[in-house]
Amino acid sequence: MIELGVGMFGDVQVNDKTGEIQSSGQRMQEILEEIKLMDEVGLDFFGMGEHHREDYAVSAPEILLAAAAPLTKNIKLGSAVSVISSADPVKLYQDFSMVDLLSDGRAEIMAGRGSFIESFPLFGNDLKNYDALFDEKLRLLLELNEKEEITWTGKFRPSLNQQKIYPQPKNGKMPIWIAVGGTPQSVIRAGKLGLPVMFAIIGGTLDRFQPLLDYYRQAWQDSGHSMDDFQVGVHMHALFGEDSDEIADWYYPYYSAQMNRIGKTRNWPPYQRNQYDFGRAKFGHLIVGDPEYAIDKILYTIELFGLTRFSAHMDVGAPDHKQMMKAIEIYGDKIAPKVREALKK
C-alpha cells in the first residue's frame, strides 16, 4: 500500500524588491488550514521541516503539529525533518509523544541532519562533530522509543541513570524515519538499523538515486530485517494545477526566487528556466503540472524505486495560500485516487 502525502518547510513569501517578508504568524495559520484540507481530501500524511531562518516560519515542527492534531482526524503528522544532531533527543521524544497523544496515535518523527546548519551554532554544537552528533543522538532517540526507563551514557549529552521518560506515546512507541540526501553511509546506517528512509530528491535526475536505494535495500537484507517491514519514500518538489503549462509558468517565479535566495548562501549560479523545465521532465526531480502529468510521473517514480511512500514538497518559494489550497484539492481528489487505483492492478 502506497502512502501519499505532503511535506513542507514553512516558506514565507519574500518580496525581493521591497524586502517585505510575510509574517510567520500568518503563514502558520495558513498552513493549519492547508493541513486540515489534506486530511479532508484523504491524504495519508503531512510532514513539516525544522528551520531557523528568516525565510521559513517553523523552527519547531512539533508545536505546529500539536496545533494541527485537533483539526484533523486521520492524517499522520510528522516532521520533515527534525534536526536530531542539534536537538536534545529526550526533549524531542517527549514533545512528539505529546503530539502522538493529542492526535490519538498519529505522530511520527523523521530524524535527519538537515540541509541547513543554522541550528548548530544556535544550540551550541560544533560542526566538526557533524556525523558523530547525528549518530549518537539518533541511537539515543531509538533507545528512548524502545524503553520507558533508560540508563545511557554518551559524549554529547549528560548521562541518564534509570530515568523514566514521560509522557509515553499512545502505543508505547512511534514510527521513526530517517531523512537522507545523497551519502551512501547514511542509507547504509538506516538499512542496518532497520529504519524506514525518506530520500530527498531535490535536484538532478531520478536515476542517480538508484544506487543509494540499492545500498539501502542490501544493508537492510544483510542485517536480517524482514522485507515485510521495508519502507522507503521520496520527497520531491511539486505543485499541481488544472493545466500543466499554466501552473508551470505561474510557479516558476516563486520557485526560482527561492532557489536563488538559497543559492546566494551556497555560491550557486543564478537559477535558469531551462533547469526548471529539465526538472519537470519524466526523469527529473520536479513534479509541477496537471493531474494526468502528475499521476504518470508519481507512478513512474513509485515503480522505479519500489516506494511505499511519496511526499510532494509543495511550498518551495511560498506559492500563495489560495493556490496551495487548490493544489492540495487537486492532489487529494484527482491525483491520489488514480495513483492508488493504478497500483492495485
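Guide: Five tyrosines, Tyr251, Tyr252, Tyr255, Tyr271 and Tyr276, form one aromatic cluster, where rings of Phe, Tyr and Trp (its six-membered ring) pair if their centres lie within 6.5 Å, with planes under 30 degrees apart counted as stacked, over 60 as edge-to-face and the rest as tilted. This is a predicted model, in which local features need pLDDT of at least 70, side-chain atom pairs count only at pLDDT 80 or more, and totals for chains, interfaces and linings use all residues. Residues are numbered from 1 along each chain as its sequence is written, and side-chain values use heavy atoms, with hydrogens and water left out.

Visitor: Which charged residue lies over the face of Tyr252?
Guide: Arg273 does, at 5.2 Å from the ring centre; the criterion is NZ of Lys or CZ of Arg within 6 Å of the ring centre and within 35 degrees of the ring normal. Arg113 lies over the face of Phe134 in turn, at 4.9 Å from the ring centre.

Visitor: Switching to the backbone, which residue does a cis peptide bond join to Ala80?
Guide: Val81, with omega about 15°. The peptide bond from Tyr166 to Pro167 is also cis, with omega near -5°, although most peptide bonds are trans.

Visitor: And what is phi of Asn267?
Guide: Phi is near 60° at Asn267, a positive value in a residue other than glycine.

Visitor: Is Asn267 buried or exposed?
Guide: Asn267 is exposed, with a relative accessible area of 73%; buried means under 20%, exposed over 50% and partly exposed in between, using a 1.4 Å probe and protein chains only.
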